[in-house]
Amino acid sequence: MPGWPSTSERRTLDAFPGQIGPEDLEEHFKLSPADMRFVLGHRGDGRLGVAVVVCTLRWLGFVPENLGELPEPALLSLCDQLQADPRDLGSYGARAQTRTGQFPAARGHAEFRAFDDGESAQLARWLTIRAMEHERPKALFTLACEQLRCRQVVRGSVDQLGRLIGAAREQAHQATFDALASQLAERDRRDRLDGLLRPRADGTTWIEWLRTPARDNQPIEIVRQLEKFTYVTDLGAGSVDLSMLPPARVRVLANEGRGRPAWERARLAASRRLAVLLAFCAHSLVSVATS
């Protein structure tokens, strides 16, 4: 998805959610005796800030820059437990050096690990597998955040995760092409697949014609469906083998073939474009035969 994330999406991904549910409030913002001992070991108005950091890590897996955007129910709950003034959070949040210096201890108390090079490499390998199943960067970002939080690793920055997601998607595209390479070796077949993106006499492209469903079961529509069946059969759709790909990857390819406009598909790298068109042919043969 070009341009992901947008500026507004980036702000959302780096910020607190607008609200917190009662279950999250109870699970993540109720201080245990050990939490109280740790928090009370800090001075004055720093106690509330440290408590927010610990609880937010457990809730979100990272700590947003603006602590003042913590949902009010969570803030009031911590203030009630610590007998603190909500304004203390503003004082703590303004002292960046204090926050930075205290974060490692707060992270350790919350039992989270730093997102270091080793964790980044492990997430990259995990994302490459997931990218075979999910194409959208936003979906992969959500999955990566859930994975890190489950493993109790502090979430990296949006830029860090974005780079890993981009690399994982490219590796998934290359792995897909490599798996299908033997079926795309012939120049004639590649040219005929690319022909799906060229215009017909009526101004539509062949791929748009193929994906247009029959309007009814009248004879003229039946004839059109037979024409489509003959067309994709001549393209060799019946011999396409996708069995070496995970089923989820086949669905990704089929969805890309159905969903993208022809001009957008034509601009894809050849390795990705041809894999999508090959899968689309196989899917079209089944679709036309059963419609």
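Student: At what angle do helices α3 and α7 pack?
Tutor: This is a predicted model, in which local features need pLDDT of at least 70 and side-chain atom pairs pLDDT 80 or more, while totals for chains, interfaces and linings use all residues. Helix α3 covers residues 33–40, and α7 covers 96–109 (helices are DSSP runs of H or I, at least four residues, numbered from the N terminus). With axes fitted to C-alpha atoms over the stretch in contact, and angles run from 0 to 180 degrees between N-to-C directions, the axes lie 11 Å apart and the packing angle is about 170°.

Student: Are α3 and α7 roughly parallel or roughly antiparallel to each other?
Tutor: Residues are numbered from 1 along each chain as its sequence is written, and side-chain values use heavy atoms, without hydrogens and water. The angle of about 170° is to be set against the cut-offs (under 35 degrees roughly parallel, over 145 roughly antiparallel, 65 to 115 roughly perpendicular, the rest oblique). The two helices are therefore roughly antiparallel.

Student: Which residues of α7 make the contact with α3?
Tutor: By class, the contact has four nonpolar, one polar and one charged residues. On the α3 side stand Ala34, Asp35 and Phe38. Facing them, with heavy atoms within 4.5 Å as the criterion, α7 contributes Ala105, Ala106 and His109.

Student: Which element gives the most to the lining of the largest pocket?
Tutor: This pocket has a volume of about 520 Å³ and a lining of 23 residues, with Phe62, Val63, Pro64, Glu65 and Arg99 nearest its centre. Two elements give two or more residues to that lining, α4 (46–60) and α7. With seven residues, the element that gives the most is α7.

Student: How many charged residues are in the lining of the largest pocket?
Tutor: The lining divides by class into 12 nonpolar and five polar residues. The remaining class is charged, with a count of six.

Student: Which element gives the most to the lining of the second largest pocket?
Tutor: About 420 Å³ of space lies in the second largest pocket. Its lining has 17 residues, and Leu13, Phe62, Phe141, Cys145 and Arg155 are the closest to its centre. Two or more residues come from each of α1 (7–13), α4 and α9 (137–150). The greatest contribution, six residues, is that of α9.

Student: Which element supplies the largest share of the lining of the largest cavity?
Tutor: The volume of this cavity is about 40 Å³. Its lining comprises His173, Thr176, Arg249, Leu253, Glu256, Ser271, Arg272, Ala275 and Val276. The elements giving two or more of these residues are α10 (158–180), α14 (247–259) and α16 (270–290). The largest share, four residues, belongs to α16.

Student: Why does the pair of Phe16 and Trp59 count as stacked?
Tutor: The whole structure has six aromatic pairs (ring centres within 6.5 Å; planes under 30 degrees apart are stacked, over 60 edge-to-face, the rest tilted). Phe16 lies in the loop between α1 and α2 (22–28) and Trp59 in α4, so the pair ties together parts that are 43 residues apart in sequence. The ring centres are 6.4 Å apart, and the pair is stacked because the planes stand at 25°.

Technical notes
On a 1 Å grid over the protein atoms alone, a cavity is a set of points where a 1.4 Å probe fits but cannot get out, and a pocket is an open set with protein on both sides within 12 Å along at least five of seven lines; lining residues have an atom within 4 Å of a point. Grid points are joined across faces, edges and corners, and a volume is the space filled by probe spheres set on the points. Ala, Val, Leu, Ile, Met, Phe, Trp, Tyr, Cys and Pro count as nonpolar, Asp, Glu, Lys and Arg as charged, and the others, Gly among them, as polar.
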